[in-house]
Amino acid sequence: MRPATATAAAVTTVIGLGAAAVAVGRYASDAALGVPSGRPFPGDPRLTVHATGPGRITLTRSLASLRPGTYGIEAEGLHAVVGPVLDRVPHTADTVVRRLERVELGALAPGDRVRLTPQLHRGTPETALGLPYEEAEIPGELGTLPAWVVPGPRSTWVIALHGLGTTREHPLNLLPFFHRRQIPVLVPAYRGDRGAPPAPDGLGHLGDSEWRDVDAAVRYAVRRGAANVVLYGWGTGAAMALHAAASSGVRDRIRGLVLDSPVLDWEATLRNLASARRVPGLLLPLVVRAAQGRTGLHGDRLQEAADPHALRVPTLLFHGPDDTLAPWAGSRRLAELRPDLVTLTTVLQAPHAAMWNADPLRYEEALRRFLTPLV
């Protein structure tokens with residue numbers, strides 16, 4: 001082969017490999033960040049319903065179905081709530097029996113394939129819980145953000161921010177707690193949620209851009225009479241809260257943070273998301289680079305938002321070692337480096353954003369102690 005021909009072939013090969021790498025990286029980043037709000041958490045197995053009876057349901061035995069606590073179970077056209085495992089009820093070795101609390105949508109039948117979810121409720125604060133509320137519209141950077149306002153007489157508001165795999169129905173789990181304590185709650189949708197403007201690139205940014213919708217929510221609460229706010233986020237919602245506390249123009253109104261399963265190591269979360277969505281292991285090194293190239297994710301900004309030394313308001317962390325999406329190590333480090341401001345409540349046997357589900361009583365007591373001096 002002549003030198004010119006060999007060079008041309010080599011260049012063509014390099015270009016072909018480069019194009020393939022770009023395509024593969026695009027596929028991997030789509031798998032990690034391109035999932036619509038409310039789609040089930042990645043990695044959670046589907047469970048088969050083996051039988052139902054008065055106040056009980058029999059499911060495939062697995063680590064997921066054996067989790068302690070209370071969870072939603074869902075499938076297309078189906079939503080129900082299951083409580084603790086019933087150990088003394090007869091069952092086969094490959095099944096587990098849990099208490100069936102209620103069926104909110106559809107009907108359960110043997111053979112149904114379901115997933116667990118931390119969301120217990122469907123609907124609005126009124127239809128799901130009987131709580132009075134107001135539909136609100138928040139002027140956001142990309143357009144109008146729909147929101148729920150659950151009123152209360154206190155002057156400090158809670159702004160509740162859902163995260164990966166859930167919708168703004170997820171914070172409904174905690175609304176009765178706040179209502180009993182007369183704390184107003186603002187539950188906004190943000191870019192990419194149903195009813196909210198889409199992200200310009202169609203991808204989630206792990207809080208790196210979404211936090212500006214939190215800034216808009218804080219401004220809205222202040223206009224509505226909030227003297228101060230506590231930002232309460234799950235997963236990427238927690239990352240958004242950290243960003244807002246560090247960068248919002250009205251951050252002086254933020255009195256505290258509640259962070260449940262926070263995304264503090266965005267590269268690890270990206271890889272975990274892609275892996276859970278069955279991106280082959282060989283492609284995982286491309287995920288971070290491709291996501292940065294497509295979304296403009298800035299590792300330095302994400303790290304600055306979670307910098308322990310930049311934290312300036314009291315912070316309550318709920319996290320545990322069984323979170324396979326957002327590593328627990330970051331929360332432990334934050335608590336160790338800032339014991340003056342950070343309280344970590346460790347929850348065992350709870351997946352991502354389900355710390356309350358695993359032990360509601362202990363969770364709410366920690367939350368009560370934290371919020372009492374702030375509201």
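This is a predicted model: local features need pLDDT of at least 70, side-chain atom pairs count only at pLDDT 80 or more; totals for chains, interfaces and linings use all residues.
## Barrel

Six strands form a closed barrel, with antiparallel pairing in the order β1-β2-β5-β4-β3-β6. On average, neighbouring strands in this sheet are turned by 45° against each other, with direction ignored.

Strand β1 (residues 47-53) and strand β6 (residues 113-117) run antiparallel and are joined by two bridges. Within this pair, V114 of β6 stands opposite L47.

Strand β13 (315-319) is mostly covered, and five of its five residues are buried. T315, L317 and H319 point one way from the strand, while L316 and F318 point the other way. Buried residues are therefore found on both sides of β13, under the cut-off of 20% relative accessible area.

β13 pairs with β12 in the parallel sense over four bridges. In that pairing, D260 has F318 of β13 as its bridge partner. β13 also runs parallel to β14, to which five bridges join it. Here V342 of β14 stands opposite T315.

## Nonpolar cores

The largest nonpolar core has 49 residues, and L174, F178, Y232, Y363 and L367 are those with the most contacts inside it. Helix α11 (residues 360-371) supplies the largest share of this core, five residues. Another core lies apart from it and has 41 residues, including I138, A147, A216 and I254.

Which residues does Y363 contact, leaving aside its neighbours within four places in sequence? They are L174, Y232, W234, D260, F318, M355 and W356. Two of these, D260 and F318, are also the bridge partners named above.

Helix α4 (residues 211-223) has 13 residues. From its first C-alpha to its last it reaches 19 Å, close to the 18 Å expected at 1.5 Å a residue. Its buried residues are W211, D213, V214, D215, A216, A217, V218, Y220 and A221. After α4 comes G225, with a positive phi near 110°.

In helix α9 (residues 329-337), the buried residues are S331, L334 and A335. Viewed down the axis of α9, they fall within an arc of 95°, so they line one face of the helix. An α-helix has 3.6 residues a turn, so residues three or four places apart point the same way. Among the elements covering the buried residues of α9 are β13 and β14.

Most residues other than glycine have a negative phi. S261 has a positive phi, near 55°. S261 lies in the loop between β12 (254-260) and α6 (266-276). Is S261 buried or exposed? With a relative accessibility of 0%, S261 counts as buried.

A353 is not a glycine either, and its phi is positive, about 65°. This residue is found in the loop between β14 (342-346) and α10 (355-358). A353 has a relative accessible area of 4% and is therefore buried.

Key:
Residues are numbered from 1 along each chain as its sequence is written. Side-chain values use heavy atoms; hydrogens and water are left out. The expected span of a helix is 1.5 Å times one less than its number of residues. Buried means under 20% relative accessible area, exposed over 50%, partly exposed in between (1.4 Å probe, protein chains only). The arc is that of the directions from the helix axis to the C-beta atoms. Contact means heavy atoms within 4.5 Å. Two strands pair if DSSP finds at least two bridges between them. Axes are lines fitted to C-alpha atoms, for helices over the stretch in contact, and angles run from 0 to 180 degrees between N-to-C directions. A nonpolar core is a set of buried Ala, Val, Leu, Ile, Met, Phe, Trp, Tyr and Cys residues joined through side-chain atoms within 4.5 Å.
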